[in-house]
Structures are given as structure tokens and as C-alpha cells.
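User: I'd like a close look at one part of this protein. Let me put it up first, then I'll say which part.

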Amino acid sequence: MMSQVVVISPDDLEAIIERAVSKALGAAKGPEAWLPVATVAARLSKSEKTIRNWIKEGRFTRVSGGEGSPYLVSSLEVDELSRSANSSPDAS
């Protein structure tokens with residue numbers, strides 16, 4: 001049997017992995033929606049200012065907008081953050 005070696009650039013590998021992970025997460029968690037800051041704040045019981053600060057701090061990694069456009073945050077990330085907050089030992 002002959003072994004084959006495939007050479008791929010780091011950028012191409014990253015793109016392949018991102019597509020695979022995105023596909024897997026989409027299948028596991030359902031469709032993704034993009035939520036405005038006000039909706040995210042209401043779902044998480046936080047102020048809009050707090051949500052904007054979290055976006056700037058990188059707490060949300062799937063964000064659209066900025067630079068004059070309104071921010072939109074992935075519903076999947078909001079749902080995940082909400083679940084983890086509700087399951088933490090000090091959650092009220």
C-alpha cells in the first residue's frame with residue numbers, strides 16, 4: 001500500500017475546520033439568527049451597555065456590524081451563554 005501526503009496551507013486548513021465545526025454546530029443546535037444588542041440584553045437580563053462592552057472585550061466571537069452599523073450577535077452564542085449562566089453554582 002502506498003501512503004499519500006496532502007499538503008495544505010494553514011489558511012485552507014483553518015477554512016476547512018471552520019466549515020466543519022459550523023456545520024456540526026448548526027446540526028446540533030439548530031439555525032443561527034442574528035440578534036440586535038437590545039434583544040441580547042433582554043435575554044441575558046443585562047444592560048445594552050454591558051452587551052456592547054462584552055462585544056468589545058471579545059466575549060462574543062460571532063458578531064456582525066460595528067463601525068457605524070448596529071451590532072448583531074449570534075443567537076447560538078447568546079443561548080450558550082444563557083445556559084452556562086443558569087447552570088453555574090452561583091446563578092440566581
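In what order do the elements of the protein run from the N terminus on? Once that's clear, please zoom in on the largest nonpolar core: which residues make it up?

Analyst: From the N terminus on, the order is α-β-α-α-β-β-α. That is four helices and three strands, taken as DSSP runs numbered from the N terminus (H or I, at least four residues, for helices; E, at least two, for strands). Before we zoom in, bear in mind that this is a predicted model, where local features need pLDDT of at least 70, side-chain atom pairs count only at pLDDT 80 or more, and totals for chains, interfaces and linings use all residues. Residues are numbered from 1 along each chain as its sequence is written, and side-chain values use heavy atoms, with hydrogens and water left out.

Now the core. Its 12 residues are Leu 35, Val 37, Val 40, Ala 41, Leu 44, Ile 51, Trp 54, Ile 55, Phe 60, Val 73, Val 78 and Leu 81. A nonpolar core here is a set of buried Ala, Val, Leu, Ile, Met, Phe, Trp, Tyr and Cys residues joined through side-chain atoms within 4.5 Å. Helix H2 (37–44), helix H3 (48–57) and helix H4 (75–87) each put in at least two residues, and H2 gives the largest share, with four. Across the whole protein, buried residues account for 18% of the 92 residues (buried is under 20% relative accessible area, exposed over 50%, partly exposed in between, with a 1.4 Å probe and protein chains only).

Pick Ile 55 and look around it. Beyond its neighbours within four places in sequence, Ile 55 is in contact with Val 37, Phe 60, Val 63, Tyr 71 and Val 73, where contact means heavy atoms within 4.5 Å. Gly 66 is 11 residues from Ile 55 in sequence, and their C-alpha atoms are 9.8 Å apart. Gly 66 belongs to strand S2 (residues 63–66) and, at 10% relative accessibility, counts as buried.

The strands bring in core residues too. Leu 35, a member of the core, stands opposite Val 73 in S3. S2 and S3 make a hairpin with two residues between them, and Glu 67 in the turn has a positive phi of about 50°.

Arg 43 is partly exposed at 44%, and Asp 79 is partly exposed at 30%.

The whole structure has three salt bridges. Another of them joins Glu 48 to Arg 52 (3.3 Å, N to O), both in H3 and four residues apart, about one turn of the helix. Arg 83 and Glu 80 form one as well, at 2.9 Å between the closest N and O atoms; they are three residues apart in H4, so about one helical turn separates them.

Methods:
Two strands pair if DSSP finds at least two bridges between them. A salt bridge is a side-chain nitrogen of Lys or Arg within 4 Å of a carboxyl oxygen of Asp or Glu.
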